[in-house]
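Please bring up the model on your screens, and keep the sequence beside it while I talk.

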Amino acid sequence: MAMRRTQFLLLLLWLLCVYAPTCFCANVTYDHRALVIDGKRRVLISGSIHYPRSTPEMWPDLIQKAKDGGLDVIETYVFWNLHEPVQGQYNFEGRGDLVKFVKAVATAGLYLNLRIGPYACAEWNYGGFPLWLHFIPGIQFRTDNEPFKAEMQRFTAKIVDMMKQENLYASQGGPIILSQIENEYGSVEGAYGPAAVPYINWAASMATSLDTGVPWVMCQQENAPDPIINTCNGFYCDQFTPNSKAKPKFWAEGYNGWVLYFGGAISYRPVEDLAFAVARFFQLGGTLPNYYMYHGGTNFGRTSGGPFVATSYDFDAAIDEYGIIRQPKWGHLKDVHKAIKLCEEALITTDPTITSLGSNLEAAVYKTEAECVAFLANIDNTSDATVNFNGNSYNLPAWSVSILPDCKNVVLNTAKINSASMISSFTTESLKEVSSLEGPSPGWSWISEPIGISKADSFSKFGLLEQINTTADRSDYLWYSLRIDLEDDPGAQTVLHIESLGHALHAFINGKLAGSGKGNSDNSKVNVEIPIILVAGKNTIDLLSLTVGLQHYGPFFDTWGAGITGPVILKGLKNGSTLDFSSKQWTYQIGLKGEDLDLPSVTSGQWNSQSTLPKKQPLTWYKVS
Ligand SMILES: *[C@@H]1O[C@H](CO)[C@@H](O)[C@H](O)[C@H]1NC(C)=O
Ligand SMILES: *[C@@H]1O[C@H](CO)[C@@H](O)[C@H](O)[C@H]1NC(C)=O
């Protein structure tokens with residue numbers, strides 16, 4: 001007798017219940033106070049570690065150090081251009097092994113917040129977008145545009161499917177308790193006009209339709225549609241209120257420090273201030289802060305965003321670029337986390353009652369039948385204070401929070417550090433010492449890059465070309481080369497005026513470096529006037545334009561462009577005239593010879609290794625092991 005469909009399904013269900021390997025599947029939801037896991041609200045401490053900014057060998061150690069520091073959750077972006085460098089060709093190897101990273105987090109017994117984006121910003125090249133996306137006909141990024149939405153949905157679904165196949169969502173027994181769609185769109189949304197809201201609504205429903213079984217967040221997105229949780233980014237997020245009374249107060253990016261730019265200052269955020277910010281967040285009802293970054297790491301290869309984001313992404317984080325615990329930051333935050341966890345029962349049971357204890361002095365009390373927790377804050381940044389609370393007197397240093405898990409005894413004040421300091425120092429090795437090292441790589445060697453056009457695939461075009469559309473970011477370098485024939489003696493006062501969208505350039509006249517220019521992280525444009533000497537007759541002008549990390553942030557950042565778009569004008573000719581070269585026939589070369597030779601890995605005799613190195617010679621590749 002044929003089984004009826006419902007009978008069959010019931011049998012199947014029974015079989016699954018009896019024989020399925022135990023699934024520690026968690027039911028993750030949220031309410032106005034917190035993330036709710038299996039029916040219980042949770043206070044969770046989170047920290048960002050971006051998997052491609054360290055090596056797979058480092059991951060278990062970094063994650064363990066995060067756990068030892070009191071973290072419950074690791075947060076990471078997903079980097080589209082790392083995973084799909086060519087459309088349809090995926091890379092999840094090495095530092096891109098996302099599944100391995102998520103599993104390492106699970107092995108350590110921590111949760112994970114997967115910020116798929118797929119726009120990441122993250123001071124990452126082109127904000128994480130693959131360059132090929134830019135060349136799709138009719139595409140406009142991050143707006144209500146069909147070609148863009150199709151690609152965004154395809155990649156997001158690809159990542160979600162990967163996670164599902166490995167059972168990595170909490171709903172399947174895995175560590176992923178949250179996911180993010182889009183990123184910080186609220187801060188640029190105005191520029192996208194009426195198409196912005198439909199786009200955000202589409203992104204929200206597209207994400208929810210992927211059915212991950214865990215909540216989605218959008219950071220910096222005041223109009224995040226239900227059920228997406230809008231979260232705060234900032235140095236302080238205690239004053240943040242979510243856009244619905246049904247949503248909890250989450251802090252997606254609490255900055256440990258800041259981004260390092262080439263030539264910029266190394267950031268430093270005192271842990272007293274960071275601890276103050278975190279304690280204030282809990283004082284005023286927050287339940288999930290995230291350190292951005294907990295370990296920043298390194299921008300390997302050409303992954304730095306731009307312009308001018310440095311290779312170090314240290315961020316003054318609790319774990320430094322090299323994976324070493326930074327003290328007293330790591331230790332003091334650990335103490336803060338311990339103090340907060342002592343308060344967890346009361347924090348998740350009730351809302352705080354806020355009272356003033358005087359000017360810039362504020363108490364928050366979480367009181368239940370069984371528990372009483374208090375946070376006492378002095379938000380004056382200049383003077384210490386003594387306050388009366390529940391009949392006792394407490395000293396509150398300026399800009400500090402005291403945590404009282406029993407409304408009586410202070411277990412921690414954010415301004416008082418018990419962790420020992422540790423100051424790392426770097427030792428430098430001189431060229432000479434490096435050169436004298438024994439072994440197969442005895443020291444420095446070098447090779448010269450030809451000036452001007454040297455590759456067979458160069459090409460000529462009338463006019464000045466925008467760089468990113470020309471190189472598709474296959475290289476940071478683009479040569480603009482021009483041959484000119486001057487009938488008369490140009491005189492000794494000539495100046496070459498060059499305007500470029502950036503990010504840097506070198507000008508060579510008749511094979512010799514005549515001058516350089518560069519933009520900076522705030523303004524990538526380069527406008528230079530370079531005095532040059534030309535001769536009557538034939539001359540060559542070779543301009544080498546460089547990108548230093550592609551723009552990763554801002555409205556329509558993907559279209560800002562780079563390179564020498566002109567004008568390029570010769571001024572100060574003897575006869576009083578000027579010559580505009582902008583629409584002349586220029587010859588272009590994408591990339592340098594050294595890149596084609598993959599120089600760092602070449603060990604052959606092409607390298608010179610005499611004991612005197614050429615110094616201050618333009619376009620020299622140097623190598624040392
Ligand atoms: C998951 O938890 C929520 C809230 O705690 C509850 O309403 C819902 O029924 C639970 N779902 C399952 C499948 O247990
Ligand atoms: C101290 O607080 C005042 C008032 O809020 C503020 O204007 C000032 O920038 C703060 N100073 C420092 C060093 O944080």
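Let me begin with a term: a polar contact is a pair of N or O atoms within 3.5 Å, where, within protein, one atom must be able to donate a hydrogen and the other to accept it, and residues adjacent in sequence count only if both atoms are side-chain atoms. What we have here is a predicted model, in which local features need pLDDT of at least 70, side-chain atom pairs count only at pLDDT 80 or more, and totals for chains, interfaces and linings use all residues. Residues are numbered from 1 along each chain as its sequence is written, chains are lettered from A and ligands numbered from 1 in the order in which they are written, and side-chain values use heavy atoms, with hydrogens and water left out.

With that in place, let us turn to the ligand. An oxygen atom of ligand 1 lies 2.3 Å from an N or O atom in the side chain of N27. Around ligand 1 we find N27, T29 and G39, where being near a molecule or strand requires that a heavy atom of the residue lies within 4 Å of it. On its own, ligand 1 has 360 Å² of accessible area, and the protein covers 29% of that; accessible areas come from the Shrake-Rupley method with a 1.4 Å probe, and for residues only the protein chains shown count as cover.

Next come the sheets, for which I need two more terms. Helices (H or I, at least four residues) and strands (E, at least two) are DSSP runs, numbered from the N terminus, and two strands pair if DSSP finds at least two bridges between them. Strand β2, residues 35-37, pairs with β3 over three bridges, and I37 has K40 of β3 as its bridge partner.

A second open sheet holds six strands, in the order β20-β29-β21-β26-β23-β24, and the pairing is again antiparallel. Here β20 (459-462) and β24 (512-518) are the edge strands, each pairing on one side only. Strand β23 (residues 504-509) pairs with β26 (residues 537-546) over six bridges, and L505 stands opposite S545 in β26. β23 also pairs with β24 in the antiparallel sense over six bridges, with H506 standing opposite S516 in β24. In the hairpin of β23 and β24, two residues sit between the strands, and N510 takes a positive phi near 50 degrees.

Most residues other than glycine have a negative phi, and most peptide bonds are trans. The peptide bond from D226 to P227 is cis, with omega near 0 degrees, and P227 belongs to the loop between β8 (216-219) and β9 (229-234). Another cis peptide bond joins G306 and P307, and P307 is placed in the loop between β11 (288-295) and α8 (329-342).

Finally, a word on confidence: pLDDT, the predictor's confidence in each residue from 0 to 100, has a mean of 93 for the protein, and 93% of its residues reach 70 or more. Over residues 436-441, however, pLDDT stays under 50.

Key. Contact means heavy atoms within 4.5 Å.
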